[in-house]
Amino acid sequence: MKGFLVFAGALAITVAAVALAAETQVSEESVRSAIESFLQNPAAAAESELTIAQFMEKNDAVHIFIDLNGYCSWLRADKEYDHKTTLMIAFTTGNIRSQLDSGVCRDDPYSGLLTVFRVYRHLKKANPEWTIPEIENLLELHRQGKLMEHLAKEKSRAAEEKKPQN
Amino acid sequence: MRGILGFAVVAAVVVTAGALAAETQISEEAVRSAIETFLQNPTVPSESARTIALFTEESDAVHVIVNLDVSCTYLREKYGHTGELMMAFVAGNIRSQLDSGIYGDDPYSGLLAVFRVYRHLKKANTDWTIPEVETLLDLHRQGKLAEHLAKEKERFAKERKQED
């Protein structure tokens, strides 16, 4: 596995779309098209999800870190929210698109979260009572113009946690 | 003019795409489609660029500051493709706001779209370079772009305060 999809923290997420054994090489054009299809209809985009997952699997040009102890805590196994996989794909697509746009292989959780917000709001339209408090908190931070700063702090914390304990 | 496209510092940027006097109401779907079309084929003037400019001008849902002293220094000099790069900045910036549903200038997302268009244009002319964009790209490579934009924004606000 070329695998630049990194999960931090204990994890038991099943990504149904991630057919990791696939051999197909996915072009940038194809993955961009798949991202658009997914974003237009995130609840019913199995084929697009597969393309995105295959691109992630086969491509060294992107790096995604999913911090389950921080900004992606809503994905943790102990959180029983609907649409977790769809929202994870959303996070991945925003993050990938940022890296394809800049040509810089660097995890971009900010762009990932913007796409999560888009998909979250889209899904919420069909069920206004459905809420994920962690995402609402991130949205509130963004409303206050503090999301970037929050993510920088979270990154420092995650880096500290990764350091070997003396 | 509802005037949400703000230019900081007196600018000599000509947005050839911006037929800002038109009255058309543009849907979110239409502007999203225009953004994708423009980013795939960044050309100014074009129908997609015109749609993006009109939407930005007319919509109360988005706010874009083209700050020639902070995030858009590369628009001050005549490097060429000024219209395309400015439209890219606007496109990335408003897409972020449409995605989050939160009204507020997002130069970071604007610059990501600038990087895409800059790299696209560079493919056709590999000798063409904009040092300011290269510097911003380098900051992004080092993971310092967001921090840089925050500091520059603060500096700019302080300078404006002193002038007042």
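This is a predicted model: local features need pLDDT of at least 70, side-chain atom pairs count only at pLDDT 80 or more; totals for chains, interfaces and linings use all residues.
Residues are numbered from 1 along each chain as its sequence is written, with chains lettered from A and ligands numbered from 1 in the order in which they are written.

**Chain A as a whole.** Show chain A as a cartoon. It has 6 helices and 2 strands, in the order β-α-α-β-α-α-α-α from the N terminus. Helices (H or I, at least four residues) and strands (E, at least two) are DSSP runs, numbered from the N terminus. Two residues are in contact if their C-beta atoms, placed from the backbone, lie within 7 Å.

Of the 166 residues of chain A, 42% count as buried. A residue is buried if 20 or more other C-beta atoms, placed from the backbone, lie within 10 Å of its own, exposed if 12 or fewer, and partly exposed in between.

**α3 and α4 of chain A.** Select these two helices. Their axes come within 7 Å and cross at roughly 135 degrees, which makes α3(A) oblique to α4(A). Axes are lines fitted to C-alpha atoms, for helices over the stretch in contact, and angles run from 0 to 180 degrees between N-to-C directions. Angles under 35 degrees count as roughly parallel, over 145 as roughly antiparallel, 65 to 115 as roughly perpendicular and the rest as oblique. The contact divides into 9 nonpolar, 9 polar and 1 charged residues. Ala, Val, Leu, Ile, Met, Phe, Trp, Tyr, Cys and Pro count as nonpolar, Asp, Glu, Lys and Arg as charged, and the others, Gly among them, as polar.

**Across to chain B.** Show both chains. Chain A puts 18 residues into the contact and chain B 20. In chain A, α3 (84-102), α4 (109-126) and α5 (133-143) each supply at least two residues of the side that touches chain B. The largest share of that side, 7 residues, comes from α4(A). By class, the side of chain A has 5 nonpolar, 7 polar and 6 charged residues.

Next, select α3(A) with α4 (residues 107-124) of chain B. These pack at an angle of about 45 degrees, with axes 7 Å apart, so α3(A) is oblique to α4(B). Here A:Ser98, A:Asp101 and A:Ser102 meet B:Leu112, B:Ala113, B:Phe115 and B:Arg116.

**Backbone stops.** Most residues other than glycine have a negative phi, and most peptide bonds are trans. Go to A:His83, in the loop between β2 (64-67) and α3 of chain A; its phi is near 65 degrees. A:His83 counts as partly exposed, with 19 C-beta neighbours inside 10 Å. B:His81 lies in the loop between β2 (64-67) and α3 (82-100) of chain B and has phi near 60 degrees. B:His81 is buried, with 21 other C-beta atoms within 10 Å.

Finish at B:Pro45, in the loop between α1 (28-40) and α2 (47-58) of chain B. A cis peptide bond joins B:Val44 to B:Pro45, with omega about 0 degrees.
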